[in-house]
Amino acid sequence: GGRVELAVWGTGFGITNGIFLAAVGDGGEKAYALSDETHAERPADRRREQRGVTTMSNRAPGDTTRASDMLISEIHWQDPLTKTYLGSPSIVRIPAGQPGEGALLATHDYFGSECPRNMYGAENLTSLYRSDDDGRTWRNLRHIPDAWWSTLFAHDGAIYLLGVSASNEHIVIRRSDDGGYTWTAPRDESTGILFRGGPGTTPPNYHCAPVPVVVHNGRIWRAFEDAYSPLAWYVCVISAPVDADLLDAENWTMTEKFSFDKARTPEYADLRTLLMEGNVVPGPDGTLWNVLRFNVGTVINTAAFVRIVDEHTLSFDYDNGFVEVPGARSKFTIRRDPVGGRYWIISNDQKPGPHCLARNSLSLHSSPDLKTWTHHRVLLHDDLISDPDKSAELTGFQYADWQFDERPDGRGDIIY
């Protein structure tokens, strides 16, 4: 009967092909808790606990989590023989006071040579699931066409889904007022088409991932990219007033589009260099940042910090804008704890060597300032494949999504 912690992540093609959720109950002996030193700045009764989770028999070396403490839940599995794969998971708990309060919603989309596509050949289907028992069981509520790379988030009494209509097409948003059962449809600029892209490969080609939606200084923010060239992309951020009708495109503003200048970084001049899948994060001093995955060569654990000056303007410091962030060569999610102000990230472990880009290990880190990071726990680690080359090739605990999950008693969990 205890509270549970939840996980949602996508897996690679070799061992399985699915979206999973895991949980550890807080009844009895806790499997693991962060040390008091980690939260020295926070009152003892408000410390955030984060307990260990593994998947199936996968355990990090030295993991003492008891199997009886763990709940493994499969949200959806897709037979890889269909040549259709599952990606881009997102998760949210419906807040108190809203229809369906306390339920969990999760989404994923489809990719692969045989996946659903629109008339221009672009992947464009998302599926939505709901759990009313803290993730123990799930049911598919519906399939949502013309939704891809989308983020679930709660705002002002409703649940929203914000992403693109298809791979590299329109930026679109939907709203559900009944706990995810029914949704608005983005048919035009007054019903959820925020910024038009495409069609097909015709620019602009909007790209993103299920990245955070953040409220800051009276506006709601989310990062996107414009994949205008195979070799380089524009970076942009959209925002709207928090009290605006979020389905109306007139209420949204897009910043200028920033293009990374490789001439300023000659060490990357001959490499495909992309800034992508950005996280909007307020810094300790209130400065708003777009913290982006730095996708170039075999560079690892490096993020690009693009400053969001205002709703119109971005800036980048080529001398100081690259910051060491764990796992930043792959998609990651950073959020700031609203209780203690500390920053948390769940990302893939990346180490120099032949498997530097592998995604077969997933960890939790935190930072007081977005610059100095502490490793707390390996959350997921593949030990089913003994050959490290095969493990790196076939296993991917990737694109994990997570949220802070406050309890009624004021304590909190991380759902991931």
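**Cysteines, strands and salt bridges**

Modeller: The sulfur of C236 lies 9.7 Å from the closest cysteine sulfur, that of C208, which is too far for a bond. Please note that this is a predicted model.

Biologist: How many disulfides does the structure hold?

Modeller: The structure holds zero disulfides.

Biologist: Is C236 buried or exposed?

Modeller: C236 is buried, at a relative accessible area of 0%. C115 also counts as buried, at 7% relative accessibility.

Biologist: Turning to the strands, which ones pair with β5?

Modeller: Strand β4 (residues 85-93) pairs with β5 in the antiparallel sense over seven bridges. Strand β6 (residues 125-131) and β5 also pair in the antiparallel sense, over six bridges.

Biologist: Why is β5 largely enclosed by the rest of the structure?

Modeller: Strand β5 covers residues 104-111, and seven of its eight residues are buried, so the rest of the structure largely encloses it.

Biologist: What is the strand order in the open sheet of four strands?

Modeller: The order is β23-β24-β25-β26, and the pairing is antiparallel. The edge strands are β23 (333-336) and β26 (374-381), each of which pairs on one side only. On average, neighbouring strands of this sheet are turned by 20° against each other, direction ignored.

Biologist: And how many bridges join β24 and β25?

Modeller: Six bridges join β24 (residues 343-348) to β25 (residues 361-367). I346 stands opposite L364 in β25.

Biologist: Now the charges. How many salt bridges are there?

Modeller: There are eleven salt bridges in the structure. In one of them, the side chains of D405 and R93 meet at 2.9 Å, N to O. D405 belongs to strand β28 (residues 403-406) and R93 to strand β4, so this pair ties together parts that are 312 residues apart in sequence.

Biologist: Which residues are linked with that pair in a network?

Modeller: The network of salt bridges links R93, D134 and D405. D405 is buried at a relative accessible area of 4%, and R93 is buried at 13%.

Biologist: What does R335 pair with?

Modeller: R335 forms a salt bridge with D401, with the closest N and O atoms 3.5 Å apart. R335 lies in strand β23 and D401 in strand β27 (residues 398-401), so the pair ties together parts that are 66 residues apart in sequence.

Biologist: And are R117 and E123 buried or partly exposed?

Modeller: R117 is partly exposed, at a relative accessible area of 37%, whereas E123 counts as buried, at 14% relative accessibility. The two form a salt bridge, with the closest N and O atoms 3.8 Å apart.

Conventions
Residues are numbered from 1 along each chain as its sequence is written. This is a predicted model: local features need pLDDT of at least 70, side-chain atom pairs count only at pLDDT 80 or more; totals for chains, interfaces and linings use all residues. Side-chain values use heavy atoms; hydrogens and water are left out. Buried means under 20% relative accessible area, exposed over 50%, partly exposed in between (1.4 Å probe, protein chains only). Helices (H or I, at least four residues) and strands (E, at least two) are DSSP runs, numbered from the N terminus. Two strands pair if DSSP finds at least two bridges between them. Axes are lines fitted to C-alpha atoms, for helices over the stretch in contact, and angles run from 0 to 180 degrees between N-to-C directions. A disulfide is a pair of cysteine sulfur atoms within 2.5 Å. A salt bridge is a side-chain nitrogen of Lys or Arg within 4 Å of a carboxyl oxygen of Asp or Glu.
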